[in-house]
Amino acid sequence: MSDNRAATRVLVLNSGSSSVKYQLLDMSDSSRLAVGLVERIGEETSRLVHTPLTDGGEKRERTAPIADHEAALKAVAEELAADGLGLDSPELAVIGHRVVHGGKHFTEPTVIDDAVLAEIERLIPVAPLHNPANLTGIRTAQALRPDLPQVAVFDTAFHTTMPESASRYAIDVKTADEHRIRRYGFHGTSHAYVSRETAKLLGKDPSEVNVIVLHLGNGASASAVRGGRCVDTSMGLTPLEGLVMGTRSGDLDPAVIFHLMRVGGMSADEIDALLNKKSGLIGLCGDNDMREIRRRIDEGDEQARLAFDIYIHRLKKYIGAYYAVLGRVDAVAFTAGVGENAAPVREAAVAGLEELGLAVDGELNAVRADGPRLISPEYARVAVAVVPTDEELEIARQSYALVAPARTDDGNA
């Protein structure tokens, strides 16, 4: 018996090394049907938190050992099925996967086949923490629904429009090409979504707008977007380059590494851990939570104040640099956890840039709201905006757009 219901649902999976984040969305109206998280996979204290978002469903939590990603996704499938949203539903059109590193090859969302899997695997040396976990999630989902299209949406794809002048490092070309060393950028789905939503907020088409996007979370990156296309971004070969982050150093003289090896006697692994996990805000003041840092500043803590000032100094440098790259800036958009919620960060980042046409209205900046909003005064030449990011919706949109025409053409929708 055939089922004529339209296949409009997308399951978005973000598979980490020991976790799986997921959302089920209905693209007929971009609504969320369920969200959840499986964490501490492979440990005795594994935890699954599932929240149905239809018909007044309540959050459910289970704590029990979950051996691997296959067991995790089976548990997710069980929770969805309990809400009538199972993976076997004819309304499920596609599973969209966040893949962190797509190199130069993947410039668009891509239907996954053996060749795509092989290329993602080939990129593991430049994304050793992320791509293996992404691959595990893809292969597990394929085993559960081998008949369903699976789409990879790459963090790096939005940044592949950068010109060679922005994406090349000034090192020997042969060596760089042999080892695939170049600036790839990350947080691409967020930068794509926020730049487009900023244009919408201004009542313009993205092709008409130049935007500096500041994705400020525990990981942080900036991008210069000209007419909807990224022309520069702060992260590079890895997510370590650029802004000061929660635990990452951001920009650093490469000779610091040689100095630590020769004088400090540190190994490559120790330096890697130092720069990725023990630097940034946590290295400067012992905290990587901006709320706690601001609390300490209010109490007169000078170490917290210095950490904040260094964070803002780097952020302001990138705003100025990307203003120069773009030539004309229509908006600066703050997004992600810190960008959306930390009013003092937004105020400090723009302070002193009035000659560039940037200003923040104190009252508008202090308002907490869910949707996109302007926080600049009416007279400001450049709009300053807070635009909540939605990477899952962006992945769902890109995945569904890729497969929906095919499903319609072959009569399956």
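Two helices count as roughly antiparallel when the angle between their N-to-C directions is over 145 degrees. With that cut-off in mind, we can turn to this model, which is predicted, and begin with helix α2, residues 114–122, and helix α3, residues 131–144, which pack at an angle of about 160° with their axes 9 Å apart. The two helices, α2 and α3, are therefore roughly antiparallel to each other, and α2 passes α3 in a left-handed crossing.

The residues that bring these helices together can be named on each side: α2 contributes Leu-117, Ile-120 and Glu-121, and these meet Asn-131, Leu-135, Ile-138, Arg-139 and Gln-142 of α3. Sorted by class, this contact of α2 with α3 consists of 4 nonpolar, 2 polar and 2 charged residues.

We now move on to the strands, taking β14, residues 383–386, as the point of reference. Strand β12, which covers residues 331–335, pairs with β14 in the parallel sense over 4 bridges, and Ala-331 has Ala-383 in β14 as its bridge partner. Strand β13, made up of residues 373–374, also pairs with β14, but in the antiparallel sense and over 2 bridges; here Arg-373 has Val-386 of β14 as its bridge partner.

Which way do the residues of β14 point? In a regular strand the side chains alternate between the two faces of the sheet. In β14, Ala-383 and Ala-385 point one way, whereas Val-384 and Val-386 point the other way, and all of them are buried.

Key:
Residues are numbered from 1 along each chain as its sequence is written. This is a predicted model: local features need pLDDT of at least 70, side-chain atom pairs count only at pLDDT 80 or more; totals for chains, interfaces and linings use all residues. Side-chain values use heavy atoms; hydrogens and water are left out. Axes are lines fitted to C-alpha atoms, for helices over the stretch in contact, and angles run from 0 to 180 degrees between N-to-C directions. Angles under 35 degrees count as roughly parallel, over 145 as roughly antiparallel, 65 to 115 as roughly perpendicular and the rest as oblique. A crossing is left-handed if the near helix is turned anticlockwise from the far one by less than a right angle, and right-handed if clockwise. Contact means heavy atoms within 4.5 Å. Ala, Val, Leu, Ile, Met, Phe, Trp, Tyr, Cys and Pro count as nonpolar, Asp, Glu, Lys and Arg as charged, and the others, Gly among them, as polar. Buried means under 20% relative accessible area, exposed over 50%, partly exposed in between (1.4 Å probe, protein chains only). Two strands pair if DSSP finds at least two bridges between them.
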